[in-house]
Amino acid sequence: MTEQSSRRSDLMHTAEFHAVTSADLADDRPAEAPEPGAGLTALLVGVGGALGAAMRWSLELLYPFSVTPTLAEIPVATLSANVIGCLVAGLIAGVLDARPDTPGWVRPLTVVGFCGGFTSLSTFIIGVGSIIGGHAALVALEYAFLTVGLVVLSVVFGFVVGRAGAKRRVA
C-alpha cells in the first residue's frame, strides 16, 4: 500500500466519517423515474415530433407571412411557433426539473419530440434567407435578432414559471 492510499484510508476511518449514516446522505427529493429504453424513446420522439410538425404546418397555413413597410415578407407563423414552442419546452422542462419522479417518457415525447417538431430552426433560416433574397438584409437581421431574443426569453421564462408552479403544487 502506498503512502497516499494509506493516508486516504486513514481519513475514511475518522469519527466524522463513521457518524454519517445513509439517512444523512439521503436527498429530500423523490427518486427519479426510470428512463424508457432506446427503442421506446425513439418512438416517443417520433410521435411527438410528427404531432409538433403537423401543428406548425397548420400554423403556417393560417398565418403565412406579414408584409413590412419595406414590402419584405416576415414569416410570422415561424416566429410564433418558435416562441410558443420554446415557452412550452421551458415550462415542461421546469416542471420536470422540480418533479424528478415524473415518468421518463414525458421529456422525449413533449420537449424533444413535440416542441422539437413544432419549433424549427431550418424554417427560420429559410425565412431569413428569403428576406435577404428580397433585398431586405436589415429586415432579415432584425427578424433574426428578434427571434433569437424572444425564444431565449421564452424558454427561460417558461422554465422559471414551470419550476415554481410544480414546486407550489408539491408543497
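The following dialogue reads selected features of a predicted model, moving from the whole chain to single residues.

Visitor: On what conventions does the reading of this predicted model rest?

Guide: Residues are numbered from 1 along each chain as its sequence is written, and side-chain values use heavy atoms, with hydrogens and water left out. Local features need pLDDT of at least 70, side-chain atom pairs count only at pLDDT 80 or more, and totals for chains, interfaces and linings use all residues.

Visitor: How many helices and strands does the chain have?

Guide: Helices (H or I, at least four residues) and strands (E, at least two) are DSSP runs, numbered from the N terminus. In this chain they come to eight helices and two strands. The order from the N terminus is α-α-α-α-β-β-α-α-α-α.

Visitor: What share of the residues of the chain counts as buried?

Guide: A residue is buried under 20% relative accessible area, exposed over 50%, and partly exposed in between, with a 1.4 Å probe and protein chains only. Of the 171 residues here, 32% count as buried. The accessible surface, from the Shrake-Rupley method with a 1.4 Å probe and, for residues, only the protein chains shown as cover, is about 11100 Å² for the chain. Carbon and sulfur atoms account for 69% of that surface.

Visitor: Among contacts between residues at least 6 apart in sequence, what percentage joins residues at least 24 apart?

Guide: Contact means heavy atoms within 4.5 Å. Of those contacts in the chain, 74% join residues at least 24 apart. Two C-alpha distances may be set beside this figure. E73, in strand β2 (residues 73-74), is 58 residues from I131 in sequence and 6.6 Å from I131 in space, C-alpha to C-alpha. G149, in helix α8, is 66 residues from V83 in sequence, with the two C-alpha atoms 9.5 Å apart. E73 is partly exposed at 45% relative accessible area, and G149 is partly exposed at 28%.

Visitor: By what is the packing of two helices described?

Guide: Two packed helices are described by the angle between their axes and the distance between the axes. Axes are lines fitted to C-alpha atoms, for helices over the stretch in contact, and angles run from 0 to 180 degrees between N-to-C directions. Here, the axes of α4 (residues 38-62) and α6 (residues 106-118) come within 6 Å and cross at roughly 35 degrees. This crossing of α4 and α6 is right-handed; a crossing is left-handed if the near helix is turned anticlockwise from the far one by less than a right angle, and right-handed if clockwise.

Visitor: Which residues make the contact of α4 with α6?

Guide: Among them are L44, G48, G52 and M55 of α4, and P108, V112, F114 and F118 of α6. By class, the contact has twelve nonpolar, six polar and one charged residues. Ala, Val, Leu, Ile, Met, Phe, Trp, Tyr, Cys and Pro count as nonpolar, Asp, Glu, Lys and Arg as charged, and the others, Gly among them, as polar.

Visitor: At what angle do α4 and α5 pack?

Guide: Helix α5 (residues 76-98) packs with α4 at an angle of about 145 degrees, with the axes 8 Å apart. The crossing of α4 and α5 is also right-handed. R56, L59 and E60 in α4 meet A77, T78, S80 and A81 in α5. These residues divide into three nonpolar, two polar and two charged.

Visitor: Which residues of α6 are buried?

Guide: They are V106, P108, T110, V111, G113, C115, G117 and F118. Their cover includes α4 and α5.

Visitor: How many aromatic pairs does the structure hold?

Guide: Rings of Phe, Tyr and Trp (its six-membered ring) pair if their centres lie within 6.5 Å; planes under 30 degrees apart count as stacked, over 60 as edge-to-face and the rest as tilted. The whole structure has two such pairs. F114 and F118 are stacked, at 5.9 Å centre to centre and 5 degrees between the planes.

Visitor: Where do F114 and F118 lie?

Guide: An α-helix has 3.6 residues a turn, so residues three or four places apart point the same way. F114 and F118 both lie in α6, four residues apart, about one turn of the helix. F114 is partly exposed at 26% relative accessibility, whereas F118 is buried at 6%. The other pair, F124 and Y143, has ring centres 5.6 Å apart and planes at 45 degrees, so the pair is tilted. This pair links distant parts of the chain, with F124 in α7 and Y143 in α8, 19 residues apart. Both F124 and Y143 are buried.

Visitor: Is H135 buried or exposed?

Guide: H135 counts as exposed, at 77% relative accessibility. H135 lies in the loop between α7 (121-133) and α8 (137-170). Phi of H135 is near 60 degrees, a positive value in a residue other than glycine.
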